[in-house]
Amino acid sequence: MSDLPPHDSSASDESQDHDPLGLFDEIVANETDRDPDLAVIEAGSRTLRTRGGGGPQADVPARPADPEVDKALREVESELATRWGETKLEPSVSRIAALMDVLGEPQRAYPSIHITGTNGKTSTARMVEALLGAFDLRTGRYTSPHVQSITERISLDGTPIPAERFVETYNDIKPYVEMVDGRQEYRLSFFEVLTAMAYAAFADAPVDVAVVEVGMGGSWDATNVIDGDVAVVTPIDLDHTDRLGETHAEIAAEKAGIVKQDATVILAQQPVDAAQVLLKKAVEVDATVAREGLEFGVVSRQIAVGGQLLTLRGLGGEYEEVFLPLHGAYQAHNAAVALAAVEAFFGVGSAHAQRLDIDTVRKAFASVTSPGRLEIVRRSPTVVLDAAHNPAGARATAEAVSEVFDFSRLIGVVGVSGDKNVREVLEAFEPIFAEVVVTQNSSHRAMDADELAGIAVEVFGEDRVQVEPRLDDALEAAITLAEEEGEYAGGGVLVTGSVITVGEVRLLLGKG
């Protein structure tokens, strides 16, 4: 594989020059008939673009500029919103399997890399995609949830599919979806239909390889109608315990469902009991296993301007001076996992031991972006977004913020979902927040701001907690608190607790 030439690709920029921030409330109000988890993020995307001041942002597309296309996309979004949301699940792949059958099994038209785990899935998927694309392979990437636009979830060649294509794909499979709906006890869910759209779009492209992130779990996740040539398991921790299990081992047993016969399994560092379950499953299906810290890993890392400089040990050897424009030790580990996954896909470590072309690998990693993951969206004071929503993610974010940013005073804006381990999330941030502004996003799953404040007071003390139920008021309050240090004193704001919270703040501020 070392003789494969690098490939340079760039994405086009879409932008809007209207829809001021004052329309935020109106946008939200107009979207109340849609899935509450999607409404604000999708409806106000043009606000983000306006406030961002332009520049390439193909990974967070705006609403379509053409009114007819925008209308068609909204109709599709509205139809999808009538289905079960992503938080309502019936643990079975029978419906999605039936749909794949009538569609002619599009998911079998290309090889795939399947990614599960608790944290780091989307960032890892984006890195895998960048590496494959750099080696001239046409990629399809399916990830969830989205930060800004529903079209982000389905990407071709590193770029979200255009709204027109999203609509066409939906209309192409709609008759088959309705056919399956009529034969099943429950209609296909929102996530199941989107998964089918992704698999159909990839087959139609066609792609050389699909990079697929599970929605939740593994065994009964809708994505699990593929047989991934490479199965990736990012770090497992306690999350969605009501659905996946209350221990690392129970959660690992569910996630191990993506490991298929004769596949290669790339394991990030895991709790011991989780690793045991995953290794047992690999043995049962004759899968080959590569483990972080043994067969591959991070050799060294150092902070650099705009990211970090890494030396990674892959399955085929060491890769020195790899610049990754993302912050945090956890992103370095994600990079090691992604590199090993791509090496395994190319047969490195089994068919041959030669490393991939180092310049191509460097170029790929240097191009990686990950919206909503330690993303700076404002300066003076600096506002950073991070979608950490469980204790492990919060601890990783707190460590990264302390390492990367030299804030003299950091104010937190926290809005969480009610089904999360909120106390431990807050405890992870307590050492780095001078004060915290608790709030709530627009999701029906959001924890009430006053309820969140009660827990925050127990963790931070009453004098360090401010309550602002409206997210825009919370952001303004936090910026004001950060500015109390003075213009040049280094105050900052970290917005965190939920992908929805981060998405909504993106609408309020934009990137730039």
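A search of the whole structure finds 25 salt bridges, a salt bridge being a side-chain nitrogen of Lys or Arg within 4 Å of a carboxyl oxygen of Asp or Glu. Before I take a few of them, please keep in mind that this is a predicted model, in which local features need pLDDT of at least 70 and side-chain atom pairs count only at pLDDT 80 or more, while totals for chains, interfaces and linings use all residues. Residues are numbered from 1 along each chain as its sequence is written, and side-chain values use heavy atoms, with hydrogens and water left out.

Let me start with E129 and R141, whose side chains meet at 2.7 Å, N to O. E129 sits in helix α6 and R141 in strand β2, so the pair ties together parts that are twelve residues apart in sequence; helices (H or I, at least four residues) and strands (E, at least two) are DSSP runs, numbered from the N terminus. Both E129 and R141 are buried, where buried means under 20% relative accessible area, exposed over 50%, and partly exposed in between, with a 1.4 Å probe and protein chains only.

Next come D204 and R165, with their closest N and O atoms 3.8 Å apart. D204 counts as exposed, at 58% relative accessibility, whereas R165, at 24%, counts as partly exposed.

Finally, a word on confidence, given as pLDDT, the predictor's confidence in each residue, from 0 to 100. The protein chain has a mean pLDDT of 85, but the value stays under 50 over residues 1-24. Where pLDDT is low, the predicted coordinates should not be read in detail.

How values were computed: Contact = heavy atoms within 4.5 Å.
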